[in-house]
Amino acid sequence: MMMKVCIKAILHRDGKLLILQRSNQDDIGPGDWELPGGTIEWNERAEDAVHRELMEEIGVRVTAFRLAYISSFFLNNTTKVFVINYLVEAEGEIRLSREHQRFLWSSDDEARELLVPGVYHDYHQYVVKEQL
């Protein structure tokens, strides 16, 4: 079995959550909606990956972040993925990389409808409920 470790960023603006739609040409989950983020490189700290991934994927500069929760899922029969989710503050206008085709500042209802169910479930359980 193989393990993979990723970071994801939870960015809120005016009460809305930033979600991204993967490119239709992507090998994994083409067209799926997700949180910004990606794989931590071999000699990289998770905290450094937050800065790098957000600059690469959406062109913003991280100004503050804190750990929100850790989740995991099976990518396939041989790979388990651990996801370190951070609440993030950032500055700059969103500029998508080629990995994504759209972005949306989503309401909770939109996030529930568009995000992969497991991603929304964890976000709602660990972030939204904490704010109620």
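Q: Is phenylalanine 65 buried, exposed or partly exposed?
A: This is a predicted model. In it, phenylalanine 65 has a relative accessibility of 29%, so it counts as partly exposed.

Q: How many aromatic pairs are there?
A: The count is three. One of them joins phenylalanine 65 and tyrosine 86, with ring centres 5.4 Å apart and planes at 85°, so this pair is edge-to-face.

Q: Which strands do phenylalanine 65 and tyrosine 86 lie in?
A: Phenylalanine 65 is in strand 5 (residues 61-74), and tyrosine 86 is in strand 6 (residues 79-91). The pair therefore ties together parts that are 21 residues apart in sequence.

Q: And tyrosine 86, buried or exposed?
A: Tyrosine 86 is buried, because its relative accessibility is 6% and the cut-off for buried is under 20%.

Q: What about tyrosine 120 and tyrosine 123?
A: Those two form a tilted aromatic pair, at 6.3 Å centre to centre and with 55° between the planes. Tyrosine 120 and tyrosine 123 sit three residues apart in helix 3 (residues 117-131), so about one helical turn separates them.

Q: Are tyrosine 120 and tyrosine 123 buried or exposed?
A: Both tyrosine 120 and tyrosine 123 are buried.

Q: Switching to the core. Which residues of the largest nonpolar core touch the most other members?
A: That core has 18 residues, and the ones touching the most other members are Ile7, Leu11, Leu18, Leu54, Ile58, Tyr86 and Val88.

Q: Which elements each supply at least two residues of this core?
A: Strand 1, strand 2, helix 1 (46-58) and strand 6 each do. Helix 1 gives the largest share, with five residues.

Q: What is leucine 54 in contact with, leaving aside neighbours within four places in sequence?
A: Leucine 54 is in contact with Ala9, Leu11, Gly59, Val60, Val62 and Val88. Another core, of 13 residues, lies apart from the largest one, and includes Tyr69, Ala111, Tyr123 and Val127.

Q: New topic: what is the phi of aspartate 14?
A: Aspartate 14 has a positive phi of about 55°, although it is not a glycine.

Q: Where is aspartate 14 placed?
A: Aspartate 14 is in the loop between strand 1 (2-13) and strand 2 (16-22).

Q: Why does aspartate 14 count as exposed?
A: Because the relative accessibility of aspartate 14 is 78%, and exposed means over 50%.

Definitions and conventions. Residues numbered from 1 in each chain as written. Predicted model: local features only at pLDDT ≥ 70, side-chain atom pairs only at ≥ 80, totals over all residues. Heavy atoms only, no water. Helix = DSSP H or I, 4+ residues; strand = E, 2+ residues; numbered from the N terminus. Buried < 20%, exposed > 50% of the residue type's maximum accessible area, 1.4 Å probe, protein only. Phe/Tyr/Trp six-rings, centres within 6.5 Å; stacked < 30°, edge-to-face > 60°. Core = buried A, V, L, I, M, F, W, Y, C linked by side-chain atoms within 4.5 Å. Contact = heavy atoms within 4.5 Å.
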